[in-house]
Amino acid sequence: LGGLFSSTVTNGAGLFFLFFLLVIFLVALSFGKTRIVLALLATYIAAFLELVFTYQPQVAGYLGDFLKLPAIFWARLLIFAVFFIVVFLILNRSILRPKMSLQESPPLAILLLSILQGIFWVSIAASYAPLDHALIAAYPLVKSYLAVPAAQFVWALVPLLALLFVRRKSQL
């Protein structure tokens, strides 16, 4: 692990990883215990809706290539983000909110869920980029552990499995 981290610090990936962990920590603190589970559920729903959204080429036609990434990448990312925000807002005002509460869960479990959700988001975004793109090819770890379909399935499954181990304190 030390060799892996020292080699990634030289090309900036280690600093990006540390920044990513800091952002995830701040998101977890701002979302709170209840909303992190709602955000996880909204992520699954938004990923499904983006997958079946039939107007991606039309949205991509309004967008251009940016940061050397094709317009379809930005269209899919934008569609996912819009669906996530809409679904999250709906779930946050729905009757599911009290049922999804993790009020008595330890903060470390909430942080773990938010890190897993963040990795899931990065996996979703990496799946939108072409595998032969320079950004994906420059970081073989991203390609191997986030962008390939088998890795995407694992990162979609891991947060659900983590929910099995996040339990409320028992009420006596």
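**A tour of the second largest pocket**

Begin by selecting α6, which with five residues contributes the most to the lining of the second largest pocket; helices here are DSSP runs of H or I of at least four residues, numbered from the N terminus. The model is a predicted one, in which local features need pLDDT of at least 70 and side-chain atom pairs count only at pLDDT 80 or more, while totals for chains, interfaces and linings use all residues. Residues are numbered from 1 along each chain as its sequence is written, and side-chain values use heavy atoms, with hydrogens and water left out.

Next, select the lining itself: Y44, A47, E50, F120, S123, I124, S127, Y128, Q152, F153 and A156. Two or more of these residues come from each of α2 (13-52), α6 (107-128) and α9 (149-165). A pocket is an open set of points on a 1 Å grid over the protein atoms alone, where a 1.4 Å probe fits, with protein on both sides within 12 Å along at least five of seven lines, and lining residues have an atom within 4 Å of a point. The space in this second largest pocket is about 190 Å³, a volume being the space filled by probe spheres set on the points.

Finally, show the whole chain, which has nine helices and zero strands. Of its 172 residues, 33% are buried, meaning under 20% relative accessible area with a 1.4 Å probe, protein chains only. Among contacts (heavy atoms within 4.5 Å) between residues at least 6 apart in sequence, 72% join residues at least 24 apart.

Methods
Buried < 20%, exposed > 50% of the residue type's maximum accessible area, 1.4 Å probe, protein only.
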